[in-house]
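Notebook open, structure loaded. I want to jot down what I look up as I go.

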Amino acid sequence: MNLPNLKIYLLILTICASLASCSDKKHEATATSSSRLEVTAGIPPLETMVKEIGGDSVNVTCLMGAGTDPESFDPGASALRSAAESRIYFAIGSLPFEEQLTKGLKENNRQIDIINLAGEVDPIYGTHGEDADPHIWLSVRNARNMAKKIFDALSEARPTARGYFENRLRIMEGRLDSLDNAFSQALAPRHGGTFIIGHPSLTYMARDYGLRQIALTPGHKENSALSMRQRLDDAAASSPLAIFTQPGPDGRMTAEAAERLGIPATRFNPMSPDWEKQLSTAVAALSASK
């Protein structure tokens with residue numbers, strides 16, 4: 001266990017121990033009251049999905065901020081305390097900080113449900129070393145499957161609100177289907193085309209619409225000057241449709257690549273709460289290319 005994960009795990013143990021004396025009373029009160037269901041989401045896009053289905057029947061806490069890098073994220077004590085007090089924790093299931101976090105929560109709060117949403121998605125390998133690509137939410141098709149899992153978990157925890165959750169799920173599914181259709185039509189003429197991005201976060205969207213993603217900084221790997229030059233040469237030879245720059249060091253590198261290749265860079269934030277808008281922005285850039 002590396003040091004950041006050990007730190008998270010030990011902090012969870014401390015928090016859960018302090019809550020142990022009142023946990024039984026808290027959950028008994030939750031089960032008999034009409035108060036909002038307390039749940040936690042690991043990242044902002046997932047928080048948005050849970051809020052959309054849960055509406056005013058849930059209170060959603062998010063562990064990570066929109067501008068945070070999930071590869072190096074270390075949740076603080078207040079965020080971990082909130083997660084420890086939740087009835088449900090919604091996890092992507094393949095982000096670096098999640099393994100020890102979910103293990104600690106489950107061992108010390110037997111009444112919490114850990115919902116791993118990666119199980120609802122056909123994983124893609126090869127972009128993040130030996131691990132599956134974790135950016136499962138950046139695909140409206142994946143998101144539709146994830147929404148159903150969120151609905152199931154909320155309905156099990158709060159059966160009296162099942163009809164309410166189902167109505168909201170149907171609205172969300174209808175909108176996602178419309179987005180998928182619009183994206184498919186917009187990108188059909190670009191099938192087989194290439195785009196450039198810093199960190200490989202649009203892998204699932206690329207699969208959905210038959211595109212090729214060239215990542216300048218492969219996940220979990222150091223980028224040497226030689227490998228960077230090779231990737232830039234590959235990108236230039238592919239006549240890329242668009243280039244996306246993201247927050248952080250990868251964004252600066254991609255902006256430099258855009259200048260070198262003479263392609264306008266489009267800003268893209270994979271951790272934005274408004275993940276649908278981010279995907280729409282990406283599709284607009286790809287479909288507008290000549």
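This is a predicted model: local features need pLDDT of at least 70, side-chain atom pairs count only at pLDDT 80 or more; totals for chains, interfaces and linings use all residues.

**A histidine pair, then the core**

I started at His-199, whose side chain makes a polar contact with that of His-128 at 3.1 Å (a pair of N or O atoms within 3.5 Å; within protein, one must be able to donate a hydrogen and the other to accept it, and residues adjacent in sequence count only if both atoms are side-chain atoms). Residues are numbered from 1 along each chain as its sequence is written, and side-chain values use heavy atoms, with hydrogens and water left out.

Where is His-199 found? I placed it in the loop between strand E7 (194-197) and helix H7 (203-208); helices (H or I, at least four residues) and strands (E, at least two) are DSSP runs, numbered from the N terminus. His-199 has a relative accessible area of 13%, so it is buried (under 20%, 1.4 Å probe, protein chains only).

Next I looked up the largest nonpolar core, which has 70 residues (buried Ala, Val, Leu, Ile, Met, Phe, Trp, Tyr and Cys joined through side-chain atoms within 4.5 Å). Helix H5 (residues 140-157) gives the most to this core, with nine residues.

Leu-202 is among the residues with the most contacts inside that core. Skipping neighbours within four places in sequence, I found Leu-202 in contact (heavy atoms within 4.5 Å) with partners including Leu-138, Phe-244 and Phe-268.

Note on methods:
Buried means under 20% relative accessible area, exposed over 50%, partly exposed in between (1.4 Å probe, protein chains only).
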